[in-house]
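Please find below a colleague's note on the model under review.

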Amino acid sequence: MSKPAHRYRIFFTKTAEARFIGHLDLQSLFQKAIRRAALPVAYSEGFNPHQILSFAAPLPLGMAGLGEILEAYMTQKVDLAHIAASLNPKMPVGITISSAIEIPPTGKGGAALTHAATYSIIFPFNESLAAQFDTIINQILSKTTIEMTKKTKKGLSVANIRPDILAIKNTSSSHEISLLADLSTGSARNLKPEILSKYILDTAGISMDDLDITYVRLSLHLGEATS
């Protein structure tokens with residue numbers, strides 16, 4: 001089947017209680033919203049036609065996202081402002097369409113082009129961690145190897161996560177311990193921010209419940225990764 005001539009990259013936020021909507025339910029939610037908004041979405045052929053939609057990178061359950069990406073094929077050209085204006089009234093609290101752009105109908109989509117993401121990681125205030133935070137971040141930047149246990153499809157394995165820490169910056173204030181981190185994200189390489197947090201806490205010799213740490217995915221980085 002030849003795909004329709006119009007493809008749109010739709011940017012949205014997922015916050016508040018919407019953080020706890022799983023990926024499959026999110027897909028269903030968008031399908032229903034697009035249908036109710038009467039957008040001219042394209043459908044696949046066959047016995048079970050479905051809307052031609054794809055997400056750049058599924059967001060982990062419970063994590064907020066401020067720059068999430070959905071791509072959709074349309075059978076006809078759609079005004080970009082109309083996409084957000086028609087979808088937002090159909091969305092639950094916590095999901096907001098921020099903008100849309102039209103992209104070429106052929107070529108790699110967001111899922112294939114996503115190679116990194118920027119995360120905000122905020123720790124509960126701890127005096128010992130605050131005192132060591134700058135030193136730990138500088139140590140991370142100076143290392144070429146950081147071995148941590150990662151969960152993969154084949155089970156647990158020890159991996160060097162340092163190549164997946166693309167950038168890291170201390171953004172702490174007098175009342176908050178926080179950092180910004182650009183981490184590998186996508187099908188080729190992927191590092192969960194929880195693993196970086198665990199390394200920082202282990203290095204500091206501090207035990208902390210991961211549920212007390214706030215993670216926000218601020219943006220996805222699209223483009224051909226270079227290494």
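1. The model is predicted. The chain holds five helices and 10 strands, and its C-alpha trace spans about 55 × 35 × 30 Å along the principal axes.

2. Burial and surface. Of the 227 residues in the chain, 43% are buried. The chain exposes about 12,100 Å², and 54% of that area is supplied by carbon and sulfur atoms.

3. Contacts along the sequence. Where contacts link residues at least 6 apart in sequence, 73% of them join residues at least 24 apart.

4. Length of helix 4. Helix 4 covers residues 127-142, which makes 16 residues. At 1.5 Å a residue the helix should span 22 Å, and because its end C-alpha atoms are 24 Å apart, the two values agree.

5. Start of helix 4. Which residue caps the N-terminal end of this helix? The cap is asparagine 126, which has a side-chain oxygen 3.0 Å from the backbone nitrogen of serine 128.

6. Bend and buried face of helix 4. A bend of about 45° occurs at phenylalanine 133. Phe133 is also one of the buried residues of the helix, together with Leu129, Ile136, Ile137 and Ile140. An α-helix has 3.6 residues a turn, so residues three or four places apart point the same way.

7. Cover over helix 4. What covers these buried residues? The cover includes three strands, namely strand 5 (114-123), strand 8 (165-170) and strand 9 (177-184). Helix 5 (193-204) is also included in the cover.

8. Backbone at alanine 16. Most residues other than glycine have a negative phi. Alanine 16, although not a glycine, has a positive phi of about 50°. Its place is in the loop between strand 1 (6-14) and helix 1 (23-36).

9. Backbone at alanine 38. Alanine 38 likewise has a positive phi, near 60°, and is a residue other than glycine. This alanine lies in the loop between helix 1 and strand 2 (53-55). Is alanine 38 buried or exposed? The cut-off for an exposed residue is over 50% relative accessibility, and alanine 38, at 64%, therefore counts as exposed.

How values were computed
Residues numbered from 1 in each chain as written. Predicted model: local features only at pLDDT ≥ 70, side-chain atom pairs only at ≥ 80, totals over all residues. Heavy atoms only, no water. Helix = DSSP H or I, 4+ residues; strand = E, 2+ residues; numbered from the N terminus. Expected span 1.5 Å × (residues − 1). Bend = angle between axes of the 7 residues up to and from the residue. Buried < 20%, exposed > 50% of the residue type's maximum accessible area, 1.4 Å probe, protein only. Contact = heavy atoms within 4.5 Å. Polar contact = N/O pair within 3.5 Å; in protein donor to acceptor, adjacent residues only side chain to side chain. Areas by Shrake-Rupley, 256 points an atom, 1.4 Å probe, with all protein chains shown as cover.
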